[in-house]
Amino acid sequence: MPGLRRRFLTCLAASVLSAALAGNALAQETDIVIPRSPVLVVDSERMFSDSAFGQQLAARVEAQAAAIAAENRRIEAELAKEEQALTERRPTMTPDEFRTMANTFDEKVTRIRRERDEAAADLSQSSEALRRRFLLAVEPVLYSIMQEAGSAVILERRTVFVTREVVDITDEAINRIDAQLLKSEATPENAPEAAPETAPTETAPVLEAPVERDGGTAPESPAEAPANP
């Protein structure tokens, strides 16, 4: 019996020690994820692009960009056919008739280019608006991390010259954003609007302006719009 009790006490002590070591390891791991620091840094661009929530918001703009690119390709093909038909008719037309039709074609291309410019501008505004909604939606998540870390400020990593990796909470922010915002179904439709904030965006392809020509030169095709915006 004394030997059994000693073995029991030894096992109990070992268990207590293991639990204590595990607790310390967990605390250390937690400190690594959310360090105690007056200043934290976050990569907002990666937070948007790598989080499932950010990708959910970006999907709408990507669909709009794809639609604009497809429309540009369709219009380009139609203009190319119209130009080819005008070129083939040129031998049967007087110089004045050809010049009139060429000018009309130029005006049409200019109008279409203006319309495609407006579509590209609308896409850019939509992209910026969704990024503002994202930043507003994730603000409570970042604030909770800041409170846990005892921090007074979170800085944008790209604006910081030198920093220690331990104060970068981007990965933890991504995990919490997806855990909290996807669960709450914060979709693009119900995500709140944010105050204006500049964000880098890519515009959709637009048709080039027609090249000016004299009355004796056949109209040229509008520049080829990129396949991907």
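These are my notebook entries on a predicted model of one protein chain.

**Ground rules.** I number residues from 1 along each chain as its sequence is written, and I work with heavy atoms for side-chain values, leaving out hydrogens and water. Since the model is predicted, local features need pLDDT of at least 70 and side-chain atom pairs count only at pLDDT 80 or more, while totals for chains, interfaces and linings use all residues.

**Entry 1: the chain.** I looked up the secondary structure and found five helices and two strands. Helices (H or I, at least four residues) and strands (E, at least two) are DSSP runs, numbered from the N terminus. Along the sequence the pattern reads α-β-α-α-α-β-α.

I then checked burial: 33% of the 229 residues count as buried. Buried means under 20% relative accessible area, exposed means over 50%, and partly exposed lies in between (1.4 Å probe, protein chains only). The chain exposes about 14100 Å², with 55% of it supplied by carbon and sulfur atoms. Those areas come from the Shrake-Rupley method with a 1.4 Å probe, and for residues only the protein chains shown count as cover.

For contacts (heavy atoms within 4.5 Å), I took pairs of residues at least 6 apart in sequence; 88% of these contacts join residues at least 24 apart.

**Entry 2: helix packing.** Two packed helices are described by the angle between their axes and the distance between the axes. Axes are lines fitted to C-alpha atoms, for helices over the stretch in contact, and angles run from 0 to 180 degrees between N-to-C directions.

I took α3 (residues 52–89) and α4 (residues 95–149) and found an angle of about 175 degrees, with the axes 10 Å apart. That makes α3 roughly antiparallel to α4; angles over 145 degrees count as such, under 35 as roughly parallel, 65 to 115 as roughly perpendicular and the rest as oblique. The residues of this contact divide into 20 nonpolar, five polar and eight charged. Here Ala, Val, Leu, Ile, Met, Phe, Trp, Tyr, Cys and Pro count as nonpolar, Asp, Glu, Lys and Arg as charged, and the others, Gly among them, as polar.

α3 also packs with α5 (residues 170–182), at about 65 degrees and with the axes 7 Å apart. On the α3 side I listed Ala 52, Phe 53 and Gln 56, and on the α5 side Ile 177, Asp 178, Leu 181 and Leu 182. These divide into five nonpolar, one polar and one charged.

**Entry 3: rings.** How many aromatic pairs does a search of the whole structure find? It finds two. Rings of Phe, Tyr and Trp (its six-membered ring) pair if their centres lie within 6.5 Å; planes under 30 degrees apart count as stacked, over 60 as edge-to-face and the rest as tilted. Phe 48 and Phe 134 pair edge-to-face, 5.0 Å centre to centre with 85 degrees between the planes. Phe 48 sits in α2 (residues 44–50) and Phe 134 in α4, 86 residues apart. Both Phe 48 and Phe 134 are buried. Ring pairs link Phe 48, Phe 53 and Phe 134 into a cluster.

**Entry 4: single residues.** Leu 123, in α4, is buried with a relative accessible area of 3%. Its C-alpha lies 7.0 Å from that of Val 61, 62 residues apart in sequence.

Met 146 is also in α4 and counts as buried at 14% relative accessibility. Leaving aside neighbours within four places in sequence, Met 146 contacts Leu 40, Ser 151, Ala 152, Val 153 and Ile 154.
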